[in-house]
Amino acid sequence: MSTLNHILIVDDTPADLNLLIKILSSCGYHTRIAPTGKLAIESAKVSPPDLIMLDIKLPDIDGYSVCQQLKLDEKTFHIPIIFLSALDGVFNKVKAFEVGGADYLTKPYESEEVLARIKFHLAHQKLLQQLETQNRQLLQQEERWQLLLKGTGDGIFDWNVQTGDAFISTLLKGMLGYTDGEIENCFEAWKNLLHPDDRDRVLTTLYSYLKRQIYEYQIEYRLRCKDSSYKWILARGQAVWAEDNTPLRMIGFHQDISARKQDELIRQQITDDLRRSEAKFRGAFDTITAGMCLVSILGKIIDVNAALCQMFEYDSAELLSLQLSDLIFVDDQTLDDQLAQQMFRGKIPGYQTEKRFLTQSNKIIWGLMNISLIYDNKNSPHYLIVHIVDISHRKRIEAALCRNITTQRAILKAIPDLMIRLDRNGICKSIGLGKNLREFSRIPYSLQQSIYQTLPPKLAKQQMYYVRQAFATNERQIYEYSLEVDGELHYEEARVVKLNDHEVLMMIRDISDRKQAEIKLKQANNTLEQLAHTDGLTQIANRRYFDNYLSKEWQRLGREKKYLSLILLDIDYFKFYNDFYGHQAGDQCLIAITQAIKHTLKRPADLVARYGGEEFVVILPNTNQKGVINIAQNIQQTIRTLGIVHQKSQVSNIITLSMGMTSIIPDSKTSPAQLIAQADKALYIAKQQGRNRYIVSS
């Protein structure tokens, strides 16, 4: 795995928890647990995991209800949820999927199946997140895009919701192949152009937005062209409502995204063709409308399609004489070195990057480059498939947007608490209050006064630093701080945006609730982490913590080339003790033994853990064979001093221990498992030789 995935396990059964934690930890997944449905919901909302494994039967609310609540929250609805249950009925499975579950696992688990399903859903979720990220970036650009469109009139519509009259720009009509007079300027004319398969979806979204049931209007659909073909359109709009929430007017634009949709179709075609056969891939490669080439592992271009030749103004023979790097602008040639290294190491199957390229006429074009590594039948790197899409037009739009400033009204809508306009000297020029701050009796800013006069000196100095940074870099500055207002400590987030050469806009949002939630989550996670690492009865480290600690010490002492020793201990004839004295007395005996062993160990790095029922294990870093024998003798003496009576023991009238131990300097030829196996073998010999003794592995 190239990144560490976080998985939330919701289950109140210790045995099931331990099994899942062991399975997931062995593959490098980071896990945290929640024993109740309410704790699971709180944990997921404050720090959303990558995946949730959810038991149906919980002590407070059932797993179905937990899933429904998570799917109703915008922070958690996207998280894949795998249901866990011993219930194998069709009704249970159907209900799990109806409430939003992604999968259903029946107890008992098979580790291979668990890991395979988790891997599938994490990979699927990653693809969805990538798509969501791309869409989110488009939305962020959209606020700036509105300003540019006002000057150009590009694809604009202006709809009077009350009368049905609509202004549709000439460019928008031309986009579909119509002249200005061939489409009537009314809402019904636009409705008649909608693709039949899209009509209900588009109108439902539009009316939901006008009723303020959804936050924004943005949708993709198809409009009919004059020649009866259809073009894909991205529509965005902003409505104006009356005081009674009656929609009055809606202004927006239409963007032709047919090329993007075509590119998506092309990428799908490429994927399908590769799966079917090399012959079909060859056909798609030659006829595809986007630039493509095959490149050797050493970077030599070995095949091209016509679209790439047209894009770079070369014929195919000229391109086949070049390296791929010959087409890339010199300053951008090493931008993706780290991604390429990860791909060749097998950590990622391919990657996507944006670069500048040079045509034969030395014209610079921007390209979105997708690179995939193809392996031969021996699973060795064979060649690269490179797909290049010209995004120069998009880059020009982005550059224009960067030169425009988002309006104050749009910023206030996004950051509603407090908005302040400051000049270069920190003089407050205007103040806008949001609903969250109107209840405060005093706002620590005053018109025409410097923030040095109204704020604590340290905070004023901090704010002026970010004001100067905004002027110097032309980039938005974001920082957090705390401030006492009306005797209460508030945590706030400030964003500083340059308006012009003389003023900045500072937007402040109260984040106290979020900070408090983070503190509570951290406390809850610390508690859960402690529970996950501690044996419930003896309060010493459990098997899971032992495995992790041994692995870390193995790696550390291997680097330092120092000894690591291990002792496996077993209480002699403990089953007889339990049967004769009872399980409650047996538990007290285990607690007394573990505390005695723990107090025998003197160094901070030494660790005692519960390994099994009456088996314990001691890790002794920086300890050779002589040292481990000395510690084993001390443990024996400590247990004798306890003098816990054991009438059913066949070797003594008190509790005794059998011990197996080993010492080793870790290296690449050995492993922690071998260390445990050697100690276990020595313990077996100690039992065979009569118990109540220690044996050192040879």
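Modeller: In what follows, helices (H or I, at least four residues) and strands (E, at least two) are DSSP runs, numbered from the N terminus. The model is predicted: local features need pLDDT of at least 70 and side-chain atom pairs count only at pLDDT 80 or more, while totals for chains, interfaces and linings use all residues. Residues are numbered from 1 along each chain as its sequence is written, and side-chain values use heavy atoms, with hydrogens and water left out.

Colleague: How many helices and strands does the secondary structure of the protein come to?

Modeller: The protein has 698 residues, of which 44% are buried (under 20% relative accessible area; exposed is over 50% and partly exposed in between, with a 1.4 Å probe and protein chains only). Among contacts (heavy atoms within 4.5 Å) with a separation of 6 or more, 54% join residues 24 or more positions apart. The secondary structure comes to 23 helices and 25 strands.

Colleague: Is Gly237 buried or exposed?

Modeller: Gly237 is found in strand β9 (residues 230-241). Leaving aside residues up to four places away in sequence, Gly237 touches Phe157, Tyr209, Tyr217, Met250, Ile251 and Gly252. Its C-alpha lies 8.9 Å from that of His254, 17 residues apart in sequence. With a relative accessible area of 13%, Gly237 is buried.

Colleague: What volume does the largest cavity have?

Modeller: Rolling a probe the size of a water molecule over the atoms shows where empty space is left. On a 1 Å grid over the protein atoms alone, a cavity is a set of points where a 1.4 Å probe fits but cannot get out; grid points are joined across faces, edges and corners, and a volume is the space filled by probe spheres set on the points. The structure holds four cavities of 30 Å³ or more. The largest cavity has a volume of about 210 Å³.

Colleague: Which element gives the most to the lining of the largest cavity?

Modeller: Lining residues, which have an atom within 4 Å of a point, number 18 here, with Phe157, Ile168, Trp190, Tyr221 and His254 nearest the centre. Two or more residues come from each of β6 (156-160), β7 (166-168), α6 (170-175), α7 (187-192), β8 (217-224) and β10 (247-256). By class, with Ala, Val, Leu, Ile, Met, Phe, Trp, Tyr, Cys and Pro as nonpolar, Asp, Glu, Lys and Arg as charged, and the others, Gly among them, as polar, the lining divides into 16 nonpolar, one polar and one charged. With three residues, the element that gives the most is β8.

Colleague: Which helix gives the largest share of the lining of the second largest cavity?

Modeller: About 60 Å³ of space lies in the second largest cavity, and Gln636, Ile639, Arg640, Ile655, Thr656, Leu657 and Asn692 line it. This lining has three nonpolar, three polar and one charged residues. The largest share, three residues, comes from helix α22 (residues 625-642), that is, from α22.

Colleague: At roughly what angle do the axes of α20 and α21 cross?

Modeller: Phe574, Tyr577, Asn578 and Tyr581 in α20 meet His583, Ala585, Gly586, Cys589 and Leu590 in α21. The contact has six nonpolar, three polar and no charged residues. Axes are lines fitted to C-alpha atoms, for helices over the stretch in contact, and angles run from 0 to 180 degrees between N-to-C directions. The axes of α20 (residues 574-581) and α21 (residues 583-600) come within 6 Å and cross at roughly 135°.

Colleague: What is the omega of the peptide bond from Lys107 to Pro108?

Modeller: Most residues other than glycine have a negative phi, and most peptide bonds are trans. Pro108 lies in the loop between β5 (103-106) and α5 (111-152). The bond from Lys107 to Pro108 is cis, with omega near -5°.

Colleague: What is the phi of Asn245?

Modeller: Asn245 is placed in the loop between β9 and β10. At 43% relative accessibility, Asn245 counts as partly exposed. Its phi is positive although the residue is other than glycine, with a value near 70°.

Colleague: At what relative accessibility does Pro247 count as buried?

Modeller: Pro247 is found in strand β10. Not counting residues up to four places away in sequence, Pro247 touches Val161, Gln162, Leu210, Val240 and Trp241. The C-alpha atoms of Pro247 and Gln162, 85 residues apart along the chain, are separated by 7.7 Å. Pro247 counts as buried at a relative accessibility of 18%.

Key:
1 Å grid on protein atoms, 1.4 Å probe; cavity = no way out; pocket = protein on both sides within 12 Å on 5 of 7 lines; lining within 4 Å.
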